[in-house]
Every structure is written in C-alpha cells, then in structure tokens.
Amino acid sequence: MPQLESKYMGLTLRNPIIVASSGLTKNVEKMQACEDAGAGAVVIKSLFEEVLGQEEFGIQDSTGIHPEAYDYLRADLAMEYGPREYCSLIYEAKKKLKIPVIASINCVSAKWWPSFASQIEAAGADALELNVFTTANEQYITASSLEQLYIDIIEAVRSKIKIPVAMKLGMYFTSLPNLASQLCLHGANGLVLFNRFTEPDIDIKKLALKTTFQFSNRYEMHRPLRWIALLAGRIGCDLAATTGIQKAEDIIKMLLVGASVVELASILYKNGVEHIQTLLDEIREWMSSQNFENIDDFKGKLRFTKATDPELFLRAQFIEVIRGYE
Ligand SMILES: Cc1cc2nc3c(=O)[nH]c(=O)nc-3n(C[C@H](O)[C@H](O)[C@H](O)COP(=O)(O)O)c2cc1C
C-alpha cells in the first residue's frame, strides 16, 4: 500500500492533508474531528491582531493619555490578556490530539506578536503560521516598504521562538521569488501560498458597503500551482498549497509541482471533514497506478526546475492554446 507520510517544516505528518485555519479548527472538538477524519495536521483558527482593540482591555478612553504611554499600556494589557484563551486552546488541543497542531496569528504589524509567539510556543504548538495581510492604501507606501513589514514580522517572531514558523501570504506581490527568498533567509521554515480573503461589496438598495465571501472554486488552484512550481527547490523552505484545491487530483498536482502539504478549507466545509478519507484513498489509488510507493517518489517531479517544458509556468498571455475561444 502506498505510504502518504509527509515532511513539512521538520514535522512528520501521516499524510499531506492539513485542515486549514478556519472555523473547522476553532475548538478542540472540531480539531479532534479533523484528526478522526484522517487529517495529517490542523492549523488552528487565527488569533487576529485586531482583537487587541482597546475595548478588549478596558481602556475605554485614550484621550488625555500620551500616545506613547497609551501604546505601552495597550501592549502590556494585550500581552497579558490577548493570547491567554488562545494558548489554553493550544494546550488543550495538544493534550487530546496526536497529529501536529499549528497555531496561527494574523499580523498587520511587527509590534505585538513576538511575545505572543513565545507564549504560543510555551503552550505546546508544534509550529506557528503567520497570517499576514495589509492593504496598501497610501500613495507614499512603496512595494519594498510593504514587503519590509513582512520581513520585520518574520525576523521578530523568529528571534523569539524555536518551533517552525510558516508565513501565509496573499497572492499579490510584484516579485514573489525575491520576497519569498528574503522571508526564508530571515527565518521562515515554510510559505503557505496563497491565503484567500473576504472582498468588499456594495448593497445597492441600502447604498451601503458590505463584505462578501464565497468558498473557493477549482479554477483558483492554478495560481498557487504556478507559484509553487516556480519557487519549489529554489528558496530554501517548504511550501504549503492552499486555495481552490477541491479534488484528490488537485492535491496530486500540488505535490507534483513541489508542495510538501496542502491546506484545505472550502471543500471540507462543503463535504464535511470526513471527505478527507475519500481524498486519501484516491491519492493512494493514483500512486498505485503510477507505481509510486511514497510521496517523495513524485514530489516536485514537475516543478519549474525539473519540468521538461518549464516555460509553461511563465506563460500567461492569450496565444494558440486558447485560440479556440477567440
Ligand atoms: C470560513 C473560513 C474562515 C477562515 N479563517 C481563516 C483564518 O482565521 N486564518 C487564516 O489564515 N485563514 C483563514 N481562512 C482561509 C483558509 O485557511 C484557506 O487558506 C483558504 O480558504 C483557501 O483554501 P480553500 O480554497 O480550501 O478554502 C478561512 C477560510 C474560510 C473558508
């Protein structure tokens, strides 16, 4: 029988399917259900930086407080109370689950998180995923200054903890290979490509703004597929694929271009976490049909540096291939 054991950031997983950070992993019971369904690991629902708002800590009114003093006050209170519940969730999950438990924090600055990272490590997390996203909405913000924030975050967190750290990125960067290698040089053990976000929308009856969100569809997997293929084996850290992966075939494709693991959410929301077993059976079936005994027999076989026609990963313009549509 083909073996699915997978290595990711130095962790050994029984298979490459990780349940992505989401409501599916928001409490110990749900994480246990993921383990029972066959998941290789879980990433806990993110702790969000914005929950460290002043109301959380009872600072009702910051007027009259010097801004710097206010910052310190907020930081002190945040450090004391912010991650406490989250750390006990990690601690309880680690007591119950046998599979790796990866914590996740959403960062928009390098300010508050390094000390939380230490607490997360102390609570027993096997690894930490940094879910970083910030929208550039000022003309003076350059691409490089924005990217520097990502590097500052990884550097600050890395200096505090020893467990593996992955950074989960959005898909819009001018030169991802450069940023990716910088992140790895500054301490990232893994990159998770790519996060998916809610989008702004308009309610035309109320003439008001709203936020919209839909589960992913299969066509969305081609963007992480391209970038994983382009980065695999070239930047010195492991890659996890996320967004749009719906079928066993999609997981196989991601492994073929060099992903170590996949992180799934939408398909498990749609079909239930029990669906993991079907995906694993189908991956094994395909491996048998190709005479592959383990994941390393085919992982990265079609990445950019190994494919016979790698230029296909670079091509994005409408040429002969799609001429039939024009
Ligand atoms: C309901 C829901 C909640 C999510 N919450 C988080 C989160 O807290 N942190 C995070 O990094 N990603 C979060 N995600 C993104 C997923 O982890 C995943 O990366 C993304 O949905 C792409 O995978 P998919 O195409 O399989 O859904 C969430 C996704 C969904 C559907």
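Strand E8 (residues 165–169) is mostly covered, since five of its five residues are buried, where buried means under 20% relative accessible area, exposed means over 50%, and partly exposed lies in between (1.4 Å probe, protein chains only). Helices (H or I, at least four residues) and strands (E, at least two) are DSSP runs, numbered from the N terminus. This is a predicted model, in which local features need pLDDT of at least 70 and side-chain atom pairs count only at pLDDT 80 or more, whereas totals for chains, interfaces and linings use all residues. Residues are numbered from 1 along each chain as its sequence is written, and side-chain values use heavy atoms, with hydrogens and water left out.

**Strand E8 and its neighbours**

- Both faces of E8 are covered, with Val 165, Met 167 and Leu 169 buried on one side and Ala 166 and Lys 168 buried on the other.
- Strand E7 (residues 127–132) runs parallel to E8 and is joined to it by four bridges, given that two strands pair if DSSP finds at least two bridges between them; Glu 129 stands opposite Ala 166 in E8.
- From E7 the chain passes through helix H5 (residues 143–158) to reach E8, and this β-α-β crossover is right-handed, a term used if, with the strands pointing away from the viewer, the path from the first strand over the helix to the second runs clockwise.
- E8 also pairs with strand E9 (residues 190–193), in the parallel sense and over four bridges, and Met 167 has Leu 191 in E9 as its bridge partner.
- The chain then goes from E8 through helix H6 (residues 176–185) to E9, in a β-α-β crossover that is right-handed.

**The ligand site**

- The ligand is surrounded by 20 residues, of which the closest are Ser 21, Ser 46, Ser 216, Gly 244 and Ser 266; a residue is near a molecule or strand if one of its heavy atoms lies within 4 Å of it.
- Polar contacts are pairs of N or O atoms within 3.5 Å; within protein, one must be able to donate a hydrogen and the other to accept it, and residues adjacent in sequence count only if both atoms are side-chain atoms.
- An oxygen atom of the ligand lies 2.8 Å from a polar side-chain atom of Lys 168, and a polar side-chain atom of Ser 216 is 2.5 Å from an oxygen atom of the ligand.
- On the backbone side, a polar atom of Ala 265 lies 2.9 Å from an oxygen atom of the ligand.
- Of the 610 Å² of accessible area that the ligand has on its own, the protein covers 90%, with areas from the Shrake-Rupley method and a 1.4 Å probe, and with only the protein chains shown counting as cover for residues.
- Ser 266 belongs to helix H9 (residues 266–271) and is buried, with a relative accessible area of 10%.
- Neighbours within four places in sequence aside, Ser 266 is in contact with Phe 215, Ser 216 and Gln 246, where contact means heavy atoms within 4.5 Å.

**Helix H8**

- Helix H8 (residues 248–256) is largely enclosed by the rest of the structure, because seven of its nine residues are buried, namely Ala 248, Asp 250, Ile 251, Ile 252, Met 254, Leu 255 and Leu 256.
- The buried residues of H8 pack against E3, helix H7 (222–231), strand E12 (238–242), strand E13 (261–264) and helix H10 (275–289).
- Gly 258, which follows H8, has a positive phi near 120°.

**Backbone geometry in loops**

- Most residues other than glycine have a negative phi, and most peptide bonds are trans.
- Leu 193 and Phe 194 are joined by a cis peptide bond with omega of about -5°, and Phe 194 lies in the loop between E9 and strand E10 (199–203).
- Leu 207, although not a glycine, has a positive phi of about 50°; this residue lies in the loop between E10 and strand E11 (208–212) and is exposed, with a relative accessible area of 74%.
- Thr 243, also a residue other than glycine, has a positive phi near 100°; Thr 243 lies in the loop between E12 and H8 and is buried, with a relative accessible area of 7%.

**A buried asparagine**

- Asn 15 lies in the loop between strand E2 (11–13) and strand E3 (17–19) and is buried, at a relative accessible area of 3%.
- A polar atom of the Asn 15 side chain lies 3.4 Å from the backbone nitrogen of Gly 40.
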